[in-house]
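Please look over the sequence and the structure before reading on.

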Amino acid sequence: MAKGIFIALSNATSDDVDDDFNQWYDDVHAREMLALPGVQSFRRFRLAPAQVMPGDDVTKHRYLALYEVEVDDWETFAAENQQAFGDGRITIRPDLLELDPMVLTMSFEEITPETTK
């Protein structure tokens, strides 16, 4: 079984709804994603105010969601994810979630196991 991560880069529609966006993402959207086959865990991050290299903050997205996954194959994972959006098991709140720029999602397959101190 392949291990990897699935990430989603996103924004709230405005600073006025930032708290509501974060609450919805953590309490609703993340739980829906965790219900998908293969999704093992979830964490979110906000873009830090300082970056290591000048220009590294060029992304238009302020938030990163990181899901650890274990899948038999990536095509099935992608299809299941798309199907869950299509049939309403994963909801979107366009009043809170900015869709321009569109949420950016990517899957990465692990090639080196986690190393710790």
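Which elements do the buried residues of H2 pack against? The buried residues of H2 pack against E1, H1, strand E2 (39-46), E3 and E4. Helices (H or I, at least four residues) and strands (E, at least two) are DSSP runs, numbered from the N terminus. Buried means under 20% relative accessible area, exposed over 50%, and partly exposed in between (1.4 Å probe, protein chains only). Contact means heavy atoms within 4.5 Å.

The model is predicted, so local features need pLDDT of at least 70 and side-chain atom pairs count only at pLDDT 80 or more, while totals for chains, interfaces and linings use all residues. Residues are numbered from 1 along each chain as its sequence is written, and side-chain values use heavy atoms, with hydrogens and water left out.

**Helix H2**

H2 has 13 residues. From first C-alpha to last, H2 reaches 18 Å, close to the 18 Å expected at 1.5 Å a residue; the expected span is 1.5 Å times one less than the number of residues. Trp74, Phe77, Asn81 and Ala84 are the buried residues in H2. They cover an arc of only 90° around the axis, which puts them on the same side of H2. The arc is that of the directions from the helix axis to the C-beta atoms. An α-helix has 3.6 residues a turn, so residues three or four places apart point the same way. Glu75, Gln82 and Gly86 are exposed, on the face of H2 turned away from its buried side.

**Selected residues**

Tryptophan 74 is in helix H2 and counts as buried at 19% relative accessibility. Leaving aside neighbours within four places in sequence, tryptophan 74 is in contact with Ala2, Lys3, Gly4, Ile5, Val69, Ser107, Phe108 and Glu109.

Asparagine 81 also has its place in helix H2, and is buried, with a relative accessible area of 7%. With neighbours within four places in sequence left aside, the contacts of asparagine 81 are Phe6, Met33, Leu36 and Ile90.

Methionine 33 lies in helix H1 and is buried, with a relative accessible area of 2%. Not counting residues up to four places away in sequence, methionine 33 touches Phe6, Val39, Tyr67, Asn81 and Ile90.

Glutamine 51 is found in the loop between E2 and E3. At 32% relative accessibility, glutamine 51 counts as partly exposed.

The table gives C-alpha separations for these residues.

| Residue pair | Apart along the chain | C-alpha separation |
|---|---|---|
| Asparagine 81 and methionine 33 | 48 residues | 8.2 Å |
| Methionine 33 and leucine 99 | 66 residues | 18 Å |
| Glutamine 51 and leucine 66 | 15 residues | 19 Å |
| Tryptophan 74 and proline 49 | 25 residues | 33 Å |

**A cis peptide bond**

Proline 101 is found in the loop between H2 and E4. The peptide bond from aspartate 100 to proline 101 is cis, with omega near 15°.

**Pockets**

Rolling a probe the size of a water molecule over the atoms shows where empty space is left. On a 1 Å grid over the protein atoms alone, a cavity is a set of points where a 1.4 Å probe fits but cannot get out, and a pocket is an open set with protein on both sides within 12 Å along at least five of seven lines; lining residues have an atom within 4 Å of a point. Grid points are joined across faces, edges and corners, and a volume is the space filled by probe spheres set on the points.

The largest pocket has a volume of about 260 Å³. Its lining consists of Lys3, Gly4, Ile5, Gln40, Glu68, Val69, Glu70, Phe108, Glu109, Glu110 and Glu114. Strand E1 (2-10), strand E3 (63-71) and strand E4 (104-109) are the elements that give two or more residues to this lining. By class, the lining of the largest pocket divides into three nonpolar, two polar and six charged residues. Here Ala, Val, Leu, Ile, Met, Phe, Trp, Tyr, Cys and Pro count as nonpolar, Asp, Glu, Lys and Arg as charged, and the others, Gly among them, as polar.

The second largest pocket holds about 210 Å³ of space. It is lined by 16 residues, of which His29, Phe85, Ile92, Val103 and Thr105 lie nearest its centre. E1, helix H1 (18-34) and helix H2 (74-86) each give two or more residues to the lining of the second largest pocket. H1 gives the most, with four residues. The lining of the second largest pocket divides into twelve nonpolar, four polar and no charged residues.
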